[in-house]
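The sequence and structure come next, followed by notes grouped by topic.

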Amino acid sequence: MATAELTIEIQNFVENPTSIAIAPFGWEGTTTLPENIDAIVAADLERSGQFRAVPQSDMLAFPKAGDTIYYRNWRVLKAEYLLVGTISEAAGRYRVTYELYDVFGQRRLLAQPIDGSVSQLRDLAHYISDSVYETLTGIRGAFSTKIIYVEARKAGSGSNKEKFRLIYADADGAREQVIHESDAPIMSPAWSPDGKQVAYVSFETSRAAVFRQELSSGKREQLTNFKGLNGAPAWSPDGQKLAMVLSKDGNPEIYTLDLTTRRFTRITRHFAIDTEPNWTNDGKGIIFTSNRGGRPQIYQVTLASGRVERLTFEGDYNARPRVSPDGKHLVMVHRHNGIYHIATQELVSGDIRVLTETRLDESPSIAPNGAMLMYATRYNGKGILAAVSLDAGVKVRLPSKLGDAREPAWSPYLN
């Protein structure tokens with residue numbers, strides 16, 4: 001089944017990105033491998049914006065291990081670091097041995113063998129990327145994580161009807177799989193904290209309903225069937241509850257659902273519209289969007305006391321809140337001069353930084369290491385996914401070749 005086929009377009013790097021040379025990995029077999037591990041690692045590191053990979057066409061040699069490295073060859077290319085490796089196969093298993101070197105210090109920083117099946121070669125490449133990234137930046141890599149997103153496209157040539165697919169893919173957009181397909185809209189996908197389930201909204205029952213689905217088995221369960229709004233599911237940090245928006249009592253309010261007891265608890269009570277809940281990192285509060293002050297702004301409710309506090313004041317529209325993994329920043333959709341941007345706000349100081357420059361940006365989702373976030377936007381008349389670093393120094397586009405891509409959700413760490 002054809003899917004979105006995301007591609008990567010890096011728009012800009014940080015100033016003075018680290019130069020790294022990734023030599024072609026030596027392969028001891030006679031057949032062609034289905035994945036180019038060194039190319040995947042180079043693409044991962046460049047996509048972070050923190051690194052520039054030396055083109056292999058510029059390399060003066062292709063060492064496979066440390067004892068064959070002539071450092072002057074790499075200093076000429078101004079490479080600060082060098083990654084080399086070999087791949088071998090035995091009894092259907094593949095071993096990748098890789099080494100990372102500091103070119104100017106002429107010392108080895110990292111050396112490790114890793115093993116996997118032929119279907120795991122891409123996973124091994126992302127693992128190497130994570131290791132190199134963490135060694136050189138001190139930040140855990142997120143290249144081995146996944147994304148889910150909604151793809152919408154015309155049902156057929158000349159048709160005005162759309163088909164909707166919930167897509168599961170690597171963080172770089174590769175290896176897309178269809179989780180669920182429907183003629184009715186799919187919205188608001190969200191990961192469980194263990195990465196084994198997703199929750200989302202589907203209109204397949206003629207009205208909005210919240211579903212959850214196991215990724216490994218595909219087993220689905222409908223969780224709500226109330227009249228009115230049933231939307232915006234968000235998992236609690238312990239995976240035991242879902243926050244969501246329901247209007248079953250007449251007004252859109254925030255509720256939680258205990259997934260064990262199936263008990264719904266109403267969290268907010270206000271005549272305004274309360275929507276888009278998301279949990280605080282400690283699970284003791286929920287942040288949400290409300291127009292109780294006249295226009296959409298972001299609030300936080302403490303679950304134990306029910307106390308509500310307004311968090312945003314700058315701008316006439318702030319919505320779709322997410323808390324960064326370190327708990328220091330609020331990421332949101334922010335309107336300034338009538339244009340919707342993705343912005344971040346320091347929770348202590350209240351300072352806001354606009355991260356994106358396009359005119360209709362929405363649905364931000366933060367990587368588990370807090371280094372980048374993914375969002376939906378428009379480009380050349382199509383819905384695409386894009387990514388930006390939280391300091392706005394790096395921007396990446398992930399356009400779909402087929403349909404419109406929207407509503408991305410970045411997975412937690414999966415191991």
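In this predicted model, Ile-37, Ile-40, Val-41, Asp-44 and Leu-45 of helix α1 meet a set of residues in helix α3. The α3 side of the contact consists of Leu-121, Arg-122, Ala-125, His-126, Ile-128, Ser-129, Val-132 and Tyr-133. By class, the residues of this contact are 9 nonpolar, 2 polar and 2 charged.

**Geometry of the helix pair**

- Two packed helices are described by the angle between their axes and the distance between the axes.
- Helix α1 spans residues 37-47 and helix α3 spans residues 121-137; their axes come within 9 Å.
- The axes cross at roughly 45°, and α1 and α3 are therefore oblique to each other.
- The crossing of α1 and α3 is right-handed.

**Salt bridges: total and network**

- Side chains of opposite charge can pair when their charged atoms come close.
- The whole structure contains 26 salt bridges.

**Asp-115 and Arg-95**

- Asp-115 and Arg-95 form a salt bridge in which the closest N and O atoms are 2.8 Å apart.
- Asp-115 belongs to strand β7 (residues 107-116) and Arg-95 to strand β6 (residues 93-102), so this pair ties together parts that are 20 residues apart in sequence.
- Asp-115 counts as partly exposed because its relative accessibility is 36%.
- Arg-95 is likewise partly exposed, with a relative accessible area of 38%.

**Asp-249 and Lys-248**

- A salt bridge joins the side chains of Asp-249 and Lys-248, at 3.6 Å from N to O.
- Asp-249 is partly exposed, at a relative accessible area of 46%.
- Lys-248 is also partly exposed, and its relative accessible area is 33%.

**Asp-316 and Arg-335**

- In the salt bridge between Asp-316 and Arg-335, the closest N and O atoms are 3.1 Å apart.
- This pair links distant parts of the chain, 19 residues apart: Asp-316 sits in the loop between β22 (308-310) and β23 (318-323), and Arg-335 sits in strand β24 (residues 329-336).
- Asp-316 is partly exposed, with a relative accessible area of 30%.
- Arg-335 has a relative accessible area of 19% and is therefore buried, since buried means under 20%.
- Elsewhere, salt bridges that share partners join Glu-35, Arg-122, Asp-123, Lys-146, Asp-170, Asp-172 and Arg-175 into one network.

Terms used
Residues numbered from 1 in each chain as written. Predicted model: local features only at pLDDT ≥ 70, side-chain atom pairs only at ≥ 80, totals over all residues. Heavy atoms only, no water. Axes fitted to C-alpha atoms, helices over the stretch in contact; angles between N-to-C directions. Helix = DSSP H or I, 4+ residues; strand = E, 2+ residues; numbered from the N terminus. Parallel < 35°, antiparallel > 145°, perpendicular 65-115°, else oblique. Left-handed = near helix turned anticlockwise from the far one by under 90°. Contact = heavy atoms within 4.5 Å. Nonpolar A, V, L, I, M, F, W, Y, C, P; charged D, E, K, R; others polar. Salt bridge = Lys/Arg side-chain N within 4 Å of Asp/Glu carboxyl O. Buried < 20%, exposed > 50% of the residue type's maximum accessible area, 1.4 Å probe, protein only.
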